[in-house]
Amino acid sequence: METVSPPPSQPKKRGRPKGSTKAKADTDREASAAASGGVPRMRGADKRSSSSDEKYSQWKSLVPVLYDWLANHNLVWPSLSCRWGPLLEQGAFKNRQRLYLSEQTDHTVPNTLIIANCDVVKPRVAAENHIANFNEEARSPFVKKYKTIIHPGEVNRIRELPQNKNIVATHTDCPEVLIWDIEAQPNRHAVLGAAESRPDLVLMGHKDNAEFALAMCPTEPFVLSGGKDKSVVLWSIHDHISASAADASKATGSTGSIVKTADNSPVGPRGIFQGHDDTVEDVQFCPSSSQEFCSVGDDSCLILWDARVGNNPILKVEKAHNADLHCVDWNPHDQNLILTGSADHSVRLFDRRKLTTDGVESLVHKFEGHTAAVLCVQWSPDKSTVFGSSAEDGLLNIWDYEKVGKKIESGTRSPSSPPGLFFQHAGHRNHLYFWLLNLRYSVLAICLWLCQIKIFVCHQQWTMVNYS
C-alpha cells in the first residue's frame, strides 16, 4: 500500500462558497473536456494533475485484483449526497437495490433528487476482462433511473427513515428539513421552468441555514439536524404518520402517501439544543435511543446530548480535533465508541465512558491515513471493529481498529501503512465528498464532485489480508 505523505500545516475549511455550484459545474465541464479520453481531470498545477493521473493509472491496472465487480456511473451534474435504499430483489447472480442520488445544477435546469434502481453483481460472478474494462465515459447499465423529484434548492444531504422504506429526508440551503414519500411523489421531468415538487412534510426549527448535519433515528421516527445557527434540533414525525398504509389506501383508493399532507403544514421541533459556538456540521443518534445523540462542528467540539435531561450538553469535548470537525458516527455494535473526522486530516475514535472536556483520556486511537480534510466516516453495519473514511484526497480508507498494535503478517501490507488500515480505494482523481458502506454485500458507493459514482464489490483483498 502506498505511503501517505504528512498533512500540510494549515487545515482546509469545509464546503464550497455560497453560490459556487455554477462555477463548479463549469470547471468540471472544462476539466472533463481537457482530459485525455474525456476523463475528468483534477484542478491544479500540471505537476499535481500528472501525479493524480499516474496514481489513477496505477489503481486502474489493479482493478481486477482488488475487486470482484466495479461499475462507473457518470452523472450530468455534480452530486453532494447518495444513499442506499431498501433491497428490492435478490437473484442468483445479482441483487437489485434502491439508490438515492442528488444533482446540483447551474439553474439552467432544476436541482433534482433522483431515485434509482441499482443491480449489484455478486462476488465471483463478473469476468476479469469485464471488471478491467469498465466504461469511464458513460452511464452504467447497472444503474437505472426510477423517479425524479424536482427539489426546491440544492440537495446537500439525504437520509432514509429506517421505519419506512419510502420516506427520506433532505437538507438544502435553507433552515428547513424536507420529508418526502418516494412512492407518493409523482415522477417529474427536470426542464427549465418546471415547478418544484412539493415535500410531504416540512420540519421547522432552525433560525439559519441547515445544510449538512442530518440524521434519522434507528429506533423511532425521529429526525435530527444541525445548522449555521449553532443549534441541534430534534423532531418526531410519529404523529404525522398514519396508523398504517392500509388506512391511507382506504381513504384515497390507492396506495397513496402514508404521511399526512392535508395542508402540508410545517412541523415544530421536540427540542432545540444549544452548546456549539460555530456551525454544526454533523449529528448522529445513539443506535439504541431516540433521546441520546451527538454532534460535531466547526468549533472543534464533540458534544453528547440527552433530551430527557434538558437542552444543554451532558458532555462537551472542547478540542476533539485540532481543526473543524466534519463528520461523526456512532458504533451500532458497541455504543461506547464514537468516530469523528476533521479538517486536520485525521479520524479519531473515542470511548464515551471515558470522555472528558479535553478528550485526551477518552481517545482510543488517532487514525492518520489521509492527506486532506476527512469528510465522511462510517462504521460497518456487520463488523463492530471495521469502519471507513473518505476525504478530499480522493481516498476511501477501510480500517479495523482491532488490528492496531498487532504484528503485521509478512506480505499483507507495507510496514509504512498506518496502523489499522487494511484496504484503500483510490479510483478517483478528485476528492470524495460522500460515500456509503454496505458490507452485507461487500458493496461501496462513492459520490464525488466530478459527476461520477463508482459502485463496487470487494472480495479478494477484503478477505485475504490478515494482520495476525
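Two strands pair if DSSP finds at least two bridges between them. In this predicted model, Val386 stands opposite Asp400 in β25. Strand β25 belongs to an open sheet of 4 strands.

**The open sheet**
- The strand order is β23-β24-β25-β26, and the pairing is antiparallel.
- The edges are formed by β23 (374–379) and β26 (421–425), each of which pairs on one side only.
- On average, neighbouring strands of this sheet are turned by 20° against each other, direction ignored.

**The β24–β25 pair**
- Strand β24 covers residues 386–391, and strand β25 covers residues 396–400.
- The two run antiparallel and are joined by 5 bridges.
- Val386 faces Asp400 of β25.

**Phe422**
- Phe422 lies in strand β26.
- Its relative accessibility is 10%. Buried means under 20%, so Phe422 counts as buried.
- Phe422 and Asn397 are 25 residues apart along the chain. Their C-alpha atoms are separated by 7.9 Å.

**The largest nonpolar core**
- This core has 18 residues.
- The residues with the most contacts inside the core are Trp69, Trp84, Leu99, Leu101, Cys118, Val120 and Ile455.
- Two or more core residues come from each of β1 (69–74), β2 (82–90), β3 (94–103), β4 (112–121) and β29 (452–457).
- Strand β4 gives the most to this core, with 5 residues.

Note on methods: Residues numbered from 1 in each chain as written. Predicted model: local features only at pLDDT ≥ 70, side-chain atom pairs only at ≥ 80, totals over all residues. Heavy atoms only, no water. Axes fitted to C-alpha atoms, helices over the stretch in contact; angles between N-to-C directions. Buried < 20%, exposed > 50% of the residue type's maximum accessible area, 1.4 Å probe, protein only. Core = buried A, V, L, I, M, F, W, Y, C linked by side-chain atoms within 4.5 Å.
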